[in-house]
Amino acid sequence: MNQLDWNDLDTRAVDTARVLAADAVEKVGNGHPGTAISLAPIAYLLYQKVMSLDPGDPTWIGRDRFVLSIGHSSLTQYIQLFMGGFGVELEDLAQFRTWGSLTPGHPERGHTPGVECTTGPLGAGVSNAVGFAMAARKERELFDPDSQPGRSVFDHFVYCIAGDGDMQEGVASEASSLAATQELGNLIVIYDDNHITIEGDTVIALTEDVCARYAAYGWHVQQVDFTNGGSGYEEKIDELFAAIEAAKAVTDKPSFIKVTTIIGWPLPTMAGSEKVHGAKIGAAEVAALKARLGFDPEKSFEVGAEVIAHTRANADNRARGCRAGWDVRFASWADGNPTGKGLLDRVLAHQLPVDLGASIPVFPAGKKSTRAASGEVLTALADAVPELWGGSADLAGSNLTTMEGQPSFLPASRASKDWAPAPNGRTIHFGIREHAMGGILNAINSGLTRAYGGTFLVFADYMRPPIRVAALSKIPSVFVFTHDSIGVGEDGPTHQPVEHVAALRVIPGLDVIRPSDANEVGEAWRLILGITDHPVALILSRQDLTTFDRTGAGAADVAEMSKGAYTLFDSSTTPPKAVIVATGSEVEIAVQARAALEADGIPTRVVAAPCLEWYAAQPASYKEELLPKDAIKVSIEAGVTYGWSEIIGEAGVKIGVDHFGASASASVLYTNFCITAERVVDEVKKAVA
C-alpha cells in the first residue's frame, strides 16, 4: 500500500484553499463557503496525492474522473484546479459567480477546464459517477478486450464527493443500488457527513445509518471521523488516505467512505452553523479565520509564491510520472491492436462508419409500430456501430431497446435465465430507475461510447432533470420514449402522455423527434448518431402505424426528414389549397384526410414534421415554400396543441388533446377525442367555405 507524503507546504496549501474560498464568496457577496473551507484537505488530498491527472491535458484518456456531486461547493474544485495548474488562475477565483468567468456558481462541463460534468442538482452527481465507472469498464472491454481488468490503458478510478443533501435525494439511492449490482470496483464515493443542510441540523430529516444503507446495497464501506466522536477535531488525512488505498484494492464492489466533519471548520465562531452553508461569512469572521491560520487579515486572495510553486510542481511531476508509463503502454497497445486503434481514432474524431446507411434496414409498405422499427434498427446497427449500447428502465420488452443476439452489460455473477452477461455486453439493465438512468447516460455519453436509454414517454417526468442537464452540457445522450400518446389505450390517463412532447420541446438544445413510420425511424437513428453536441429525445408509438410506400411516385424520400418537416404527399396542383402538418402516428390520419379532400377537389399537401427543432433551423424561403402563406393550415398531434400556432399561424386549425385521456382502446379514444380524418376534412371545408 502506498504511503502518504505530506509536508508543511501541503498544510499551508490546504489553509490557503480555505481562505481563498472565504475571500471568493465574500467578494461576490454570495455562494457556499462553509463546505469549501472544511473540505479543503479532502479535495487537496485527492488532487495532489491520489488521482491520476494531467493539468496540461485535462481530457487525457487515462485520467481518473472526479465528480463534485455537491456542486454548490464549486470552489472546492475550482481552487484545486487553480493549485494544480489546470488553466484556472487567481483572477478567475476573484471573479467567482460573475459574468463571463471560468468559475460559475456550479461546475459546468465544457466551461471550466478539468470539470468532468455539470453538477448542482443534488444527488445527480452520484448517478454521473456511476455512469463514468460503467463507461470505464465498457471502454476497456471495447477497445482492449484482451487485457486484464485494472491493467489496461483504459482503466481508471472514479472519485465522487457527496454530502448530506446527496444522501437524501432519491437519484443517489437509485444509482448507488445499481452500482453495487454492477460491481463497480473502480468507483469511490467520499461522503462529507457534516450534519448540516440549509434548514440546520440534519436530525430533522436524515436519521438513518447511511453507512448501513450502503453496506446493504453491497458497497465496501469505511468510516473516518475528523470529530473524534464529538470530543475534538483532528483532520486525519493519513487515515483517509489509507481508506482510499484500501478502497482501490477492492475490485468487486464500489467503495463508500464516510468522513465526519464540521462544516466551516476552522472558522473561529461560525464552524458547524448552517449560516456558513449558503451565504458569505462576514468580514470579521473572515479576518479571524485568516489570523487563526497565520494569514494577513488585511489581505485578500493571498497565495504564497512557495505554495503555488509547490502545488503546481507536484501536480506536474505526478502527471509526468503517470503519463510516462501510460504513454509507453498506450503505444504498445496501439501497435498490437490496429483494429481497436482504428475504432478509437474514429470515435475521437466524432466520425461514423462510412457505410452506416447500408446497415439500416429499409421497411416495405405495410404496418409496423415505430418502437418495433427502432428495435430492428438497433439490432441491425450492433455490428456496424460497436460503440453503441443501451437499454431501458426495466421495459426492454415494451421499449424494444435490446439489440437482439447481444449479451447484457453485467458481471458474470448477475446472470439470469433471461439475460446472459458478458464483459462487453450491449444491453444495460437500468432497473426501474429513470432518474438515475438519465444521469448515467450523460456520463457515458461524455466519454468514448454512445449510449441510449428507454422508458415510457409519460415517465419522462422522472428523468427530466438529466435531460435538461444534457442539453445544458451539450452531451449527445439519446433518450428513447415509447408509448407516446393516447395510443397507449386502456392503461388510461396516468400512462397517456398528452403534455410530454410539448414539455420536452421547450427544453433549449434538445431535439425532439417523433417519426411517422418505420423508415423515418431508420433515418432518425442515422441522423441521431451523427449528432455529437446535444441530446435527442426519440418519441415512438406503441401501436402499429402505416409504413408508407416510398418506392413509387407517391411519398417523398425519407432523407427529406433531415429538414425537420417536409412534403410527404404533395397536392395535385401547386400551390396547395390546404396543408396538413402532422407528426408520428397522426401522419397517417393526415394522409387519409388528404385523399378525401383531393377527391372533393381541394388540392391538399401532407407535411410530415418529425422534428420541429430541425425545421426551425431551415431558411425562411423553405418554410414559405412548404407552408404557403395563403394555404389553409391544419396541425394534428395527439397531445396538447401548445406551440403549434408558431408553425401554422394563429389562423390555423390545431387538432390535439388539450385535456387528459381516458381508459379505452386507442381507436375509441381517437374517435371520441375527434382526432380523425373526418374531423380534418370538416375543418378544411369550413375554412374553404
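What should the 15 residues of helix α15 span at 1.5 Å a residue, and how far apart are its end C-alpha atoms? The legends below start there. This is a predicted model, where local features need pLDDT of at least 70, side-chain atom pairs count only at pLDDT 80 or more, and totals for chains, interfaces and linings use all residues. Residues are numbered from 1 along each chain as its sequence is written, and side-chain values use heavy atoms, with hydrogens and water left out.

**View 1. Helix α15, end to end.** Helix α15 covers residues 370–384, and its 15 residues should span 21 Å; the end C-alpha atoms are 21 Å apart, so the two agree. The expected span is 1.5 Å times one less than the number of residues. Helices here are DSSP runs of H or I with at least four residues, strands are runs of E with at least two, and both are numbered from the N terminus. Mostly, α15 is covered, with 11 of its 15 residues buried. Buried means under 20% relative accessible area, exposed means over 50%, and partly exposed is in between (1.4 Å probe, protein chains only). Among the buried ones are Arg371, Gly375, Val377, Leu378 and Leu381.

View 2. Five strands make an open sheet in the order β1-β2-β3-β7-β6, with parallel pairing. Two strands pair if DSSP finds at least two bridges between them. β1 (65–68) and β6 (220–225) sit at the edges with a single partner strand each, so one side of each has no neighbour in the sheet. From one strand to the next, the twist averages 15 degrees. Look inside the sheet and you'll find 6 bridges joining β3 (187–193) to β7 (255–260); one pairs Asp193 with Thr260 of β7. Helix α3 (residues 40–50) lies across β1, β2, β3 and β7, at about 175 degrees to β2. Axes are lines fitted to C-alpha atoms, for helices over the stretch in contact, and angles run from 0 to 180 degrees between N-to-C directions.

**View 3. Where α8 meets α17.** Helix α8 (residues 170–181) and helix α17 (residues 434–444) have axes that come within 8 Å and cross at roughly 70 degrees. That makes α8 roughly perpendicular to α17, a label for angles of 65 to 115 degrees. Val171, Glu174, Ala175 and Leu178 of α8 make the contact with Glu434, His435, Ala436 and Ile440 of α17. Contact means heavy atoms within 4.5 Å.

View 4. β19 (578–582) and β21 (632–636) run parallel and share 5 bridges, and Ala582 has Ile636 of β21 as its bridge partner.

**View 5. Val126 and its surroundings.** Val126 lies in helix α6 (residues 124–143) and is buried, with a relative accessible area of 2%. Leaving out residues up to four places away in sequence, Val126 touches Ser69, Cys160, Ala162, Asp166, Ala172, Ala175 and Ser176.

Terms used
Parallel < 35°, antiparallel > 145°, perpendicular 65-115°, else oblique.
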